[in-house]
Amino acid sequence: MDIALKISCVGLCAALLAALIRKSNPELALCLAMAGCAAILFFALELISEIADAVRRARDMTGLSSSVFSPVLKCVAVGLISSLASEACKDAGSSQLSSAVDIAGAVAALFCALPLFSAFLDTVEGLL
């Protein structure tokens, strides 16, 4: 709860300051927004250890190997990173670049999921 409050406050302050500065200096407003993003991500990193513990616990409870969980986490990370980069491109005024980042992120997520697909095919082959 404390982290969500910090993230919300930093986000709102950065957005308001960027909106005030945008008319006179759009480049500085973009830099301020990116700095706000970096601060928010720093606060969000505090949650990663708890997420990793939950994933380890789920892996231990199910008995599945880490080769199943790792691609899923990689896909989530690729999605989050490409979404953030795409929104930054939109804020910078480049919707074409934003679309390209979205497409590349989707392709990268599919690439990260290839080991899961391969394991699925091996399982199906073993059943036949």
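**Helix packing and cysteines in a predicted model**

Helices α2 and α4 are roughly antiparallel to each other, because their axes cross at roughly 160°. The model is predicted.

**Packing of α2 against α4**

- Helix α2 spans residues 26-44 and helix α4 spans residues 66-91; their axes come within 11 Å.
- The crossing of these two helices, α2 and α4, is right-handed.
- On the α2 side, the contact is made by L30, M34, C37 and L41.
- These residues meet L84, A88 and D91 of α4.
- By class, the contact of α2 with α4 comprises 6 nonpolar residues, 1 charged residue and no polar residues.

**Packing of α4 against α5**

- Helix α5 covers residues 95-112, and its axis lies 8 Å from that of α4.
- The angle between α4 and α5 is about 175°, which makes α4 roughly antiparallel to α5.
- From α4, the residues in contact are P71, K74, C75, V78, S82, A85, S86, C89 and K90.
- Their counterparts in α5 are L97, S98, V101, D102, G105, A108, A109 and C112.
- The residues of the contact of α4 with α5 divide into 10 nonpolar, 4 polar and 3 charged.

**Cysteines**

- The count of disulfides in the model is 0, where a pair of cysteine sulfur atoms would have to lie within 2.5 Å to qualify.
- For C13, the closest cysteine sulfur is that of C9, at 6.3 Å, and this is too far for a bond.
- C13 has a relative accessible area of 47% and is therefore partly exposed, since that class lies between the limits of 20% and 50%.
- C112 is likewise in no disulfide, the nearest cysteine sulfur being that of C75, 5.2 Å away.

- V72 is located in helix α4.
- The relative accessibility of V72 is 41%, so this residue counts as partly exposed.
- In sequence, V72 and C112 are separated by 40 residues.
- In space, the C-alpha atoms of V72 and C112 are 7.9 Å apart.

Definitions and conventions: Residues are numbered from 1 along each chain as its sequence is written. This is a predicted model: local features need pLDDT of at least 70, side-chain atom pairs count only at pLDDT 80 or more; totals for chains, interfaces and linings use all residues. Side-chain values use heavy atoms; hydrogens and water are left out. Axes are lines fitted to C-alpha atoms, for helices over the stretch in contact, and angles run from 0 to 180 degrees between N-to-C directions. Helices (H or I, at least four residues) and strands (E, at least two) are DSSP runs, numbered from the N terminus. Angles under 35 degrees count as roughly parallel, over 145 as roughly antiparallel, 65 to 115 as roughly perpendicular and the rest as oblique. A crossing is left-handed if the near helix is turned anticlockwise from the far one by less than a right angle, and right-handed if clockwise. Contact means heavy atoms within 4.5 Å. Ala, Val, Leu, Ile, Met, Phe, Trp, Tyr, Cys and Pro count as nonpolar, Asp, Glu, Lys and Arg as charged, and the others, Gly among them, as polar. Buried means under 20% relative accessible area, exposed over 50%, partly exposed in between (1.4 Å probe, protein chains only).
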